[in-house]
Amino acid sequence: MDVLKLDKLLIRDCIIILAVILTGFTDMFLDTKSKPESTPSFQSKSESTPSVHAKQDDGTIHFEANLESISVLVNNLHKLPESYSPPDLICADIPFVFQEKTEKRKMRAEAAGAIKDLFIDAKAQGISLLGVSAYRSHATQTALFQSYVSKDGFEEAKTYSALPGTSEHETGLAIDVTGGDGKCPAQDCFGGTKEAIWLEENAADYGFIIRYPIEKKAITGYQYEPWHLRYVGKSIALKIMNKGITLEEYFHAEPVNK
Ligand SMILES: [Zn+2]
């Protein structure tokens, strides 16, 4: 082989190598460009998730930190450990639909103070409210869920009752309320009442959110529950309610898609 031929071969090889490299770059570039955009409501990363968590074999995600944060996220993917018991539970000084002195009256101190203020101000504006159910211990939630399972079976029960460890009532930061007439306690007929409308408009001023808003089931895992108030503190509550988003969206957590 003469020198000229060898040069030609080398040039040809170089062109081939260059073409391969360029094609690779183009592919990489196109690949980056063609990646699907994430759901708009989960795009912004300005807020971080409330704590570290790890996915378990059963698909649930257990918190490992910040369980006691007032903004703790609890849902079907973010489960409380069995041993969790909230600190500073006290009886909320508000009227309930029942008379007994049970754990259902309890909330964490900050939330109990806030719900009392909310009830007092609501009353002053002609809106009478009653508590239906606040704190529920892990043991109570387990017993409650078991009773539904024996009645309707596991699959049916989990469509309307939270699995133990996934109920916000176990945090001491949630409360179900109803109107002063006591009708529609934790029932759909509470929706659209003047009390429900007042809560929608004012609850955030006291640090509460309507935790399961209308048409957000794909994100929260729950149908609209106008009666279920969750304390998260005033600053977060105002952001969530003013934007019309959920706690999951606020933390950019994965939707529950129940
Ligand atoms: Zn509730």
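**Figure 1. Pairing of Ile-175 and Leu-229 in the predicted model.** Ile-175 stands opposite Leu-229 in β9. The structure is a predicted model, in which local features need pLDDT of at least 70 and side-chain atom pairs count only at pLDDT 80 or more, while totals for chains, interfaces and linings use all residues. Residues are numbered from 1 along each chain as its sequence is written. Also in β9, Arg-230 is the bridge partner of Ala-174. Three bridges join β7 (174-179) to β9, and these two strands run antiparallel.

**Figure 2. The open sheet of four strands.** The strands follow the order β6-β7-β9-β8, with antiparallel pairing; two strands pair if DSSP finds at least two bridges between them. Because β6 and β8 stand at the edges, each with a single partner strand, one side of each is left without a neighbour in the sheet. From one strand to the next, the twist averages 45°, where axes are lines fitted to C-alpha atoms, for helices over the stretch in contact, and angles run from 0 to 180 degrees between N-to-C directions. Four bridges join β6 to β7, which run antiparallel, and Leu-130 stands opposite Thr-178 in β7. Six of the six residues of β7 are buried, so this strand is largely enclosed by the rest of the structure. A residue is buried if 20 or more other C-beta atoms lie within 10 Å of its own, exposed if 12 or fewer, and partly exposed in between, with C-beta atoms placed from the backbone.

Figure 3. Helix α5 (residues 194-202) has Glu-195, Ala-196 and Leu-199 as its buried residues. These residues cover an arc of only 100° around the axis, which puts them on the same side of α5; the arc is that of the directions from the helix axis to the C-beta atoms. On the other side of α5, Lys-194 and Glu-201 are exposed. The buried residues of α5 pack against β6 (129-133), β7, β8 (208-212) and β9 (225-231), where two residues are in contact if their C-beta atoms, placed from the backbone, lie within 7 Å. The helix lies across these strands, β6, β7, β8 and β9, and runs at about 35° to β9.

**Figure 4. The largest nonpolar core.** This core has 44 residues, and those with the most contacts inside it are Met-107, Ile-115, Leu-118, Ala-203, Phe-208, Ile-209 and Leu-229. A nonpolar core is a set of buried Ala, Val, Leu, Ile, Met, Phe, Trp, Tyr and Cys residues joined through C-beta atoms within 7 Å. At least two residues of the core come from each of α2 (109-124), β6, β7, α5, β8, β9, α7 (234-243) and α8 (247-251). The largest share, seven residues, is supplied by α2. Not counting residues up to four places away in sequence, Leu-229 touches Ala-174, Ile-175, Val-177, Leu-199, Ala-203, Phe-208 and Ile-210. In soluble globular proteins, nonpolar side chains tend to be buried together.

**Figure 5. Surroundings of Tyr-135.** Tyr-135 is placed in the loop between β6 and α3 (138-152). Tyr-135 is buried, with 27 other C-beta atoms within 10 Å. Its contacts, not counting residues up to four places away in sequence, are Leu-89, Glu-103, Lys-104, Lys-106, Met-107, His-169 and Gly-172. Ile-90 lies 45 residues from Tyr-135 along the chain, and the C-alpha atoms of the two are separated by 9.7 Å.

Figure 6. Most residues other than glycine have a negative phi. Cys-184, in the loop between β7 and α5, has a positive phi of about 55° although it is not a glycine. This cysteine is partly exposed, with 18 other C-beta atoms within 10 Å. In the segment after α8, His-252 has a positive phi of about 55° although it is not a glycine. His-252 is partly exposed, with 16 other C-beta atoms within 10 Å.

**Figure 7. Confidence along the protein chain.** The chain averages a pLDDT of 82, and 74% of the residues score at least 70; pLDDT is the predictor's confidence in each residue, from 0 to 100. Over residues 14-55 the pLDDT is below 50, and this stretch has 33 contacts in the model beyond near neighbours in sequence. The chain holds eight helices and nine strands, and buried residues make up 34% of its 258 residues.
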